[in-house]
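Hi everyone, thanks for coming.

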Amino acid sequence: MGRLKPLFEFWISLFVVGLCLGMFPSEADAATNGDVAVVVHPDVPADDLSLAEVRRLLLGDRQFWSYDLPVTLLIRAPIARERDVVLKIIYQMSEAQFRQYWIAKVFRAEVAVGPKIVYSNEMATGLVGSIPGSISFVDAAQVPNGLKVLKVDGHLPGEKEYPLR
Amino acid sequence: MGTCRVKKSTRYDSEPMTIRRRLTFSFLAILVLFGLNLVIHFWSDQQRSATVETLRRAIARQILIASIKQDLHDLQRQVALLSQVPVEATSSGAGPDEITRFNNQLEPIRQQIEELRDLSDFEARNKVASLEKTYQELSASWRIFYENFGANQAKAVTELAMHAEPLSQRVVHELVPQLEEDEKRRVEVASGNFYGVASLTGRITLLIFIFSTLLAIAVAFLVSRHLTLGLGELKRGAALIGNGDLTHRIAIETRDELGDLGQAFNGMTDNLLSARTQLTQANQELERRHQEAEKQRQVSESLLLNILPVSIAKELQAKGTVEPKYFEDVTILFTDFVGFTSSTEKLAAEDLVRMLHDYFTAFDQIMARYGLEKLKTIGDSYMCVGGLPVRNPSHPVDAVMAAFEMVRTVNEPNRPGHLPHWPVRIGIHTGPVIAGVVGIQKFAFDIWGESVNYASRVELSGVPNQINLSWRTYSRVKDFFECEYRGKVLTKDKKEFNMYFAKGILQNLTDNSTQIPPLAFLHRYRVYFQHDPPAFPAFLLESPPTSSPLIGV
């Protein structure tokens, strides 16, 4: 038990700091409120994508970042706001159309893999961080450090012209 | 000689190329061709079977690969779609049954890959092994995904994205297409091999057929040409030899049956030529001997005719014996030299024999002229007969004319002076006799009967240089000759018979003509006997018959 005491004190301190940070949002947090950030694995060889390029990625028309780095789409499960934004702005489809689109795409063998469902932003960011070439859409306020957030049409989340919100 | 020469076989000095050997070689060549055809057939069949098997295995692998690809695609789609399916937050993931079903979906692909590995050759097995290994990893990754799907979604997605999808991409888009491409190439190669082998075997079969045909034609031509030439030469030679040209030789120099036959023909021709030469020589010798034999036969026949009448001699020659014959009417003439016995004491034997020889030779000539048969001489006695063996009615007249000739011959004056003169006594009688040949050596034609004995007595009862006739002879000649009746004469056996001397031609038959015989005589002779007289004693016309003896003693 003597050895567990320093570890317990570390986690308590971390919890308190975190709680304080949540209770008092920063200016940046306020600026990115509602924006959906495009996060990718740090190895992805891209920093700025046009909305059309993002659309091609999400439609499965572009499946590789580079010749040996496939694109892995991570989409939030239904009901999530990020999913709605993506469907509305990028896919411009309803939920049913989205499902039909990918079923048809898979069965036409136009893609070998489809988007994968993630159930939380944490899960999305976690997977993006661990899966090379993965791309996901999460609340810009919940993007953890260490992930690459791509510019869309040259804008980052929080900026006025950022299209995904 | 033949102009077409069948060439000599020089290929094998010790083993000549006989017809049998030629036919055997031809048969063996045809057998070899048949065997070659058979080998080609089996080889091509094996090649076709091998290529068909290769093609079949390649197609089977293609089908397997297509099936694997399809199953992988299905699974991949299934997983891809499954990964998009949202699950309840409270879901605990797939149950054991679902996991088992999922695994059951994975198992057929593994079995197909194993089957593909078994069907693959060494070159393809490495790739199949790589596929198998990758699929094992893929299926394991898919299992992890499926087992965590809904329960540990992050792990499931991570596994799917990190392992399953790259692996499935590699399998579906790299390994399987490579295998597909390889198998497609193998199928093309196998198809090419199949058609290549079929084409090759077809060409080889056609070549063998053409070669077989050409060889068969060549063999048939050579053998038939050889046989035709040889048989033609044999036929021509046989025809020439058959036509007698024994100088022809069959010019077949081959060391085979035809050559042997030609040599046999030539040997036969040599033998025939030799035999013909010998036969010619033998014929010549036979001809010479025949001529000698003919001469000897003529000599012997002459001798035989000297001692036998012609008809009797021919009968004797033909039958070996002579049947005794009865002649009812013949004229027997006996002569005897008067004083011969006393002369034997005074004359030398040579002179005595020579005198007899001269007289008897003259008698023989007279017999020949008048158609009488000399029978024999007994000492100085000469016996002849007329009317046999060929019967004729004129024999008494002929015998009397001959007797006149004999008397004149004996009394001719041109004898050497120191030799004595023997008057001849002639007796003639006409009657029946039996004639025949007796003995087998020194045989003689003779006659027997009372007439013979009586003729002898008539002769004994005669007088020198007179022709003493019996009554029967007289009765037969009295119309031609002047005869003097002697009265009854006592014979040796103390019996008396009427006897006559023949004196000459009847006066009325001489008709004072110079024709010989006189026409009257000739006419009567023809009237009596239906033929001309064989001869005629012309000297009888010079002196008319008198009652005295014809010629003085």
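There is one cavity of 30 Å³ or more here. By cavity I mean a set of points, on a 1 Å grid over the protein atoms alone, where a 1.4 Å probe fits but cannot get out; lining residues have an atom within 4 Å of a point. The largest cavity has a volume of about 40 Å³, volume being the space filled by probe spheres set on the points, which are joined across faces, edges and corners.

A word on ground rules: this is a predicted model, where local features need pLDDT of at least 70, side-chain atom pairs count only at pLDDT 80 or more, and totals for chains, interfaces and linings use all residues. Residues are numbered from 1 along each chain as written, chains are lettered from A and ligands numbered from 1 in written order, and side-chain values use heavy atoms, without hydrogens or water.

Who lines the largest cavity? Among them are A112(A) and V113(A), along with W142(B) and E165(B) from chain B. In chain B, α1 (19–82) and α4 (153–242) each give two or more residues, and α4(B) gives the most, with four; helices here are DSSP runs of H or I, at least four residues, numbered from the N terminus.

Now the cysteines. There are zero disulfides over all chains, a disulfide being a pair of cysteine sulfur atoms within 2.5 Å. C384(B) itself counts as buried, at 1% relative accessibility (buried is under 20% relative accessible area, with a 1.4 Å probe and protein chains only).

Terms used: 1 Å grid on protein atoms, 1.4 Å probe; cavity = no way out; pocket = protein on both sides within 12 Å on 5 of 7 lines; lining within 4 Å. Buried < 20%, exposed > 50% of the residue type's maximum accessible area, 1.4 Å probe, protein only.
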